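Let's take a walk through this protein together. Have the model open as you read, and look up each residue as it comes along.

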Amino acid sequence: MEYRALGNSNLNVSVITFGAWAAGGWMWGSTDRKEAIQAIRAAYEMGVTSVDTAPVYGQGTSEEIVAEAIRDLPRDRVQILTKFGLRWDLAAGDFHFHSQNNAGEPIDIYKYAGKESVMYECEQSLKRLGTDYIDLYQIHWPDSTTPIDETFEALGRLVEAGKVRHVGVCNYDPEQMAEAEKSIALVSNQIPFSMVNRGVEERTIPYCIDNRKSVLAYSPLQRGLLSGKIRDGHMFQPGDHRQNLPHFQPDFVKKTNAFLDQLRPLAADKGATLSQLVLRWTIERPGITVALVGARNAEQAVQNAQAMQVELSREEMNWISGLVDAL
């Protein structure tokens with residue numbers, strides 16, 4: 001496994017980081033708690049020491065699963081990345097969207113990062129995670145109803161108290177990052193990036209490169225689409241959010257699979273899966289520090305970590321990038 005520092009900090013994270021959204025079950029149909037715990041532990045055995053979670057993933061479930069999975073591991077060898085700013089228990093801030101909890105009951109999600117809310121959410125996350133500090137604390141989405149300086153001054157207090165080691169953002173554009181940095185030093189921005197979703201390469205990634213901020217790429221496999229396992233007529237579980245997304249409509253699935261078919265011979269030559277080839281390409285892209293990847297079970301977690309064993313020459317990287325550009 002390879003480890004990279006976030007921004008200018010001394011926090012080193014595994015380039016394949018375990019994404020624990022699906023582990024919480026929320027919006028992914030269901031979750032098996034035991035298998036999720038085993039997946040995180042199997043990833044750790046493969047050198048994946050960093051885990052990214054959030055309170056809203058299962059309304060606390062994901063953080064609780066992470067806590068159970070790492071309970072017997074040395075705390076200083078695990079990096080906990082979690083978030084704040086999406087509230088399902090408080091009608092405040094920006095309305096985000098209607099959803100359902102894991103019991104299938106309707107809930108509304110709000111983007112809110114007022115000072116007292118930030119402090120409250122941190123305390124709740126610390127309790128669920130069973131720890132006294134968070135390695136990287138990230139605002140989940142911008143909140144237009146709260147001044148940016150109010151949010152990040154609250155984070156400064158949490159850093160001073162030792163409850164948060166480093167601060168990052170998610171889904172921020174360059175202007176929002178620059179405004180936040182007037183209050184506190186940021187180390188990272190967690191943004192969506194994949195072979196079929198590269199909009200952040202226009203402005204956000206160049207800004208991060210120029211200002212030495214790390215990029216944590218989420219959905220690098222486009223929520224499973226780039227694994228090659230989503231074929232025409234794929235049936236999703238009830239409650240799986242992907243069935244309504246543009247990337248999972250029949251025409252896009254067909255186009256993506258035609259692209260993946262061009263990659264299959266190279267993957268086979270490398271003794272790798274399509275997912276491993278895609279992840280290796282992703283973490284070698286300019287500006288990308290980390291690829292956040294979820295896993296339903298231990299086998300998937302091990303396969304994700306083994307992406308680091310795939311070796312791609314500069315010519316092979318360029319060839320893949322040419323196919324990506326042609327999409």
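This is a predicted model: local features need pLDDT of at least 70, side-chain atom pairs count only at pLDDT 80 or more; totals for chains, interfaces and linings use all residues.

Start with a ring that has a charge on it: the charged end of arginine 75 sits over the ring of tyrosine 133, 4.0 Å from the ring centre. Arginine 165 also places its charged end over the ring of tyrosine 133, at 3.8 Å from the centre.

Residues are numbered from 1 along each chain as its sequence is written, and side-chain values use heavy atoms, with hydrogens and water left out.

Next, the aromatic rings. Searching the whole structure turns up five aromatic pairs. Rings of Phe, Tyr and Trp (its six-membered ring) pair if their centres lie within 6.5 Å; planes under 30 degrees apart are stacked, over 60 edge-to-face, and the rest tilted. Here are two of the pairs:

| Pair | Centre to centre | Angle between planes | Type |
|---|---|---|---|
| Tryptophan 21 and tyrosine 57 | 5.8 Å | 20° | stacked |
| Phenylalanine 152 and tyrosine 172 | 6.2 Å | 75° | edge-to-face |

Tryptophan 21 is in the loop between strand 3 (16-19) and helix 1 (33-45), and tyrosine 57 is in the loop between strand 4 (50-52) and helix 2 (61-70), so their pair ties together parts 36 residues apart in sequence. (Helices, H or I with at least four residues, and strands, E with at least two, are DSSP runs numbered from the N terminus.) Tryptophan 21 counts as buried at 17% relative accessibility, and so does tyrosine 57 at 7%. Buried means under 20% relative accessible area, exposed over 50%, and partly exposed in between (1.4 Å probe, protein chains only). Phenylalanine 152 and tyrosine 172 are both buried too.

Now for arginine 212: is it buried or exposed? It's exposed, with a relative accessible area of 58%. You'll find arginine 212 in the loop between helix 6 (204-210) and strand 12 (214-218). Leaving aside neighbours within four places in sequence, arginine 212 is in contact (heavy atoms within 4.5 Å) with Gly7 and Asn8.

Finally, look at the barrel: eight strands close into it in the order 3-4-5-9-10-11-12-13, with parallel pairing. Two strands pair if DSSP finds at least two bridges between them.

How values were computed
A charge sits over a ring if NZ of Lys or CZ of Arg is within 6 Å of the ring centre and within 35 degrees of the ring normal.
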